[in-house]
Amino acid sequence: MLIDSHCHLDYYTGAELPQVLERAREAGIAELVTIGTTLEQSGRLPDMIAGQEGRLWCTVGVHPHHAAEAPIPDPETLAAMAQHPAVIGIGESGLDYFYDRAPRDVQQANFRAHIRAARLAGVPLAIHARDADADIAGILRDEWEGGGPFAFLLHCFSSSRQLAETAIEMGGYVSFSGILTFPKSQELRQIAGDLPADRLLVETDAPYLAPVPFRGKRNEPAHVVHTAKVLGEVRGLTPEQIAELTTANFRRLFPKAA
Ligand SMILES: [Zn+2]
């Protein structure tokens with residue numbers, strides 16, 4: 001069994017979602033985490049997944065793209081939302097200097113609020129990092145030294161080896177998406193092969209970033225199988241072994257889902 005540690009189930013229509021979940025079940029995806037991207041939408045996720053306890057989980061947070069659309073949430077507000085039994089993490093938050101949809105100082109303040117919320121709530125933060133490696137690492141270290149430890153993962157990892165190693169040093173986890181399967185991702189596969197085995201996760205980021213052989217099509221959680229297969233190949237592990245490894249890692253990182 002595999003777990004899709006990061007997807008966006010609210011991006012499917014009400015008619016599509018039952019089929020998407022059924023195909024995931026048939027593909028052996030036992031659990032899925034659907035991700036908060038704005039405060040308002042995050043508040044709706046527990047209701048959306050109600051009745052599927054132990055199979056569907058969610059997080060609460062404000063994506064860097066949306067950081068300037070509303071006041072930055074207080075860490076206390078986010079931590080209070082994370083008290084719901086279905087909410088197992090904070091995020092996604094972080095920095096995206098590729099699209100720059102919000103001013104960078106606003107993204108940074110938003111990212112820091114989420115780190116503090118993760119620390120307060122005792123749950124991990126799902127970090128979105130794009131073209132912002134130095135500031136991601138700098139803020140992680142600054143918050144760690146200033147306020148104490150917190151758990152986190154770098155979701156949909158496609159950053160530098162250096163950022164991965166910084167995260168590992170701080171006890172962080174690294175989650176690989178369909179990008180790992182793309183022909184041009186040789187360097188990413190090398191990084192995935194070199195990181196400590198006990199820090200690896202897999203995800204789809206569905207409906208985005210479908211892995212080979214579905215590249216360019218709309219993604220869905222069932223396809224995490226293909227990313228896991230490639231991760232297994234670079235690690236020299238069978239599909240069963242990589243499923244066992246990434247599931248154990250997921251449960252260690254997300255204690256509320258254990
Ligand atoms: Zn993201």
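Reply: The account below begins with the metal site and then turns to the cavity and to one helix.

The model is predicted. Three residues coordinate the zinc ion: Glu92 through OE, His128 through ND1 and His155 through NE2, at 1.9 to 2.3 Å. Along the sequence, these donor residues follow the spacing E-x35-H-x26-H. Glu92 belongs to strand S4 (residues 87–96), while His155 sits in the loop between strand S6 (152–154) and helix H6 (161–169), so this pair ties together parts that lie 63 residues apart in sequence. Glu92 has a relative accessibility of 2% and therefore counts as buried, the cut-off being under 20%. His155 is likewise buried, its relative accessible area being 3%.

The structure holds 1 cavity of 30 Å³ or more, and the space in the largest cavity amounts to about 30 Å³. The zinc donor His155 is one of its lining residues, together with Ile127, Ala129, Leu154, Cys156, Phe157, Ser158, Ser159 and Leu163. By class, this lining comprises 6 nonpolar and 3 polar residues, with no charged ones.

Helix H9 (residues 239–253) has 15 residues, and its span from first C-alpha to last is 21 Å, close to the 21 Å expected at 1.5 Å a residue. The buried residues of H9 include Ile242, Ala243, Leu245, Thr246, Thr247, Asn249, Phe250 and Leu253. In general, an α-helix has 3.6 residues a turn, so residues three or four places apart point the same way.

Note on methods. Residues numbered from 1 in each chain as written. Predicted model: local features only at pLDDT ≥ 70, side-chain atom pairs only at ≥ 80, totals over all residues. Heavy atoms only, no water. 1 Å grid on protein atoms, 1.4 Å probe; cavity = no way out; pocket = protein on both sides within 12 Å on 5 of 7 lines; lining within 4 Å. Points joined across faces, edges and corners; volume = space filled by probe spheres on them. Nonpolar A, V, L, I, M, F, W, Y, C, P; charged D, E, K, R; others polar. Donors = N, O, S within 2.8 Å, 3.2 Å for Na, K, Ca; no water. Helix = DSSP H or I, 4+ residues; strand = E, 2+ residues; numbered from the N terminus. Buried < 20%, exposed > 50% of the residue type's maximum accessible area, 1.4 Å probe, protein only. Expected span 1.5 Å × (residues − 1).
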